[in-house]
Amino acid sequence: ALHWRGEHETEVQSVIRAMVRPASVVYDVGSHAGSFALGMARLVGESGRVVAFDADPDNAATLQESIVRNHLEARLQVVHTAVWSYTARHGIPFRRGGRRRSQGGVEVNGQHPVVGTGEVIAVPVVTLDAFIAAGGPAPELVKIDVEGGEYEVLCGGSTLFTKQRPLVIVEVHHQQASDQIDAWLGKNRYCARWNIPKENFPRCLFAWPIEYDGGAPAWLKGPVC
C-alpha cells in the first residue's frame with residue numbers, strides 16, 4: 001500500500017526528483033513492479049530513457065504491461081535479466097521472492113537474496129559494462145535494489161564508473177555488502193551519504209563522483225568522501 005500512496009522510500013523519491021532531468025538516461029537495476037521506473041520515465045520526458053532491469057519474469061511482464069497502459073514505450077525499456085559482476089552464456093541461478101516478488105535475487109557462490117523464499121530458476125545475466133558495450137545508452141544515474149547483490153552489480157560496471165561517472169543510489173541489505181561498497185567508494189573516488197534506519201538494514205546509499213560540481217550535490221547534506 002505504501003507504493004500506491006507514494007509513501008515508499010520517500011527520501012529516495014526526493015533525491016530522484018532533484019537529480020533526474022528531461023533527456024536524462026537512468027538505469028533501475030532491480031526494478032520489481034516498476035514503482036520507481038515508471039515515475040522516472042515521466043521525469044526524463046520524451047527525449048530521455050529509463051532502462052529497467054529485472055530478473056524475475058513475472059516482474060518484467062508486469063512492468064511491460066504498465067508501460068503499455070501508460071504509453072511509455074518510447075522512454076522506458078524493460079530488460080529481463082539479472083545484472084551481476086560477470087556474464088554467463090547459460091544464465092545464472094535466481095531465487096524468486098516467494099510471497100513477495102520484490103524479494104528475489106541471484107543465488108550463486110554463497111550469495112543469496114536476504115529473504116527470498118521462492119523457487120530457483122535460471123535467468124539471463126549481464127554486466128552493466130557489457131550492456132553498454134552492446135549498444136545500451138550510458139546512464140547519468142544508476143539505482144540498484146537487488147536484495148543483497150549490490151556490490152556484484154557495481155563490480156560489473158568498472159568501465160562505466162571509471163569513465164562515465166554516473167550518480168548512484170543503492171539499497172544495501174547486509175553488513176558484508178556495506179563494507180564492500182565502502183571500499184568500492186574509496187577505490188572509485190566517490191563521495192557518499194548513508195541513510196541508516198534504526199533497524200540498521202536495509203540502508204540506502206547516495207553516492208556521487210568526487211569531482212561532481214566541485215562537491216556534494218545540493219540535495220545531499222553532510223557528505224563523507
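Cysteine 155 is partly exposed, with a relative accessible area of 29% (buried means under 20%, exposed over 50%, and partly exposed in between, for a 1.4 Å probe and protein chains only). The model is predicted, so local features need pLDDT of at least 70 and side-chain atom pairs count only at pLDDT 80 or more, while totals for chains, interfaces and linings use all residues. Residues are numbered from 1 along each chain as its sequence is written, and side-chain values use heavy atoms, with hydrogens and water left out.

Cysteine 155 takes part in no disulfide, and the nearest cysteine sulfur, in cysteine 204, lies 19 Å away. A disulfide is a pair of cysteine sulfur atoms within 2.5 Å, and the structure holds zero of them. Cysteine 204 is buried, at 9% relative accessible area; its sulfur is 16 Å from the closest cysteine sulfur, that of cysteine 191, which is too far for a bond.

Eight are present, each being a side-chain nitrogen of Lys or Arg within 4 Å of a carboxyl oxygen of Asp or Glu. One of them joins aspartate 28 to lysine 143, with the closest N and O atoms 3.5 Å apart. This pair links distant parts of the chain, since aspartate 28 sits in strand S1 (residues 25-29) and lysine 143 in strand S9 (residues 141-144), 115 residues apart. Here strands (E, at least two residues) and helices (H or I, at least four) are DSSP runs, numbered from the N terminus. Both partners, aspartate 28 and lysine 143, are buried.

Arginine 96 and aspartate 56 form another salt bridge, their closest N and O atoms being 3.2 Å apart. Both arginine 96 and aspartate 56 are buried. Salt bridges with shared partners join Asp56, Asp58, Arg96 and Glu119 into one network.

Turning to the strands, S6, S5 and S7 form an open antiparallel sheet in the order S6-S5-S7, where two strands pair if DSSP finds at least two bridges between them. Strands S6 (105-106) and S7 (120-123) are the edges, each pairing on one side only. Within S6, valine 106 is the bridge partner of phenylalanine 94.
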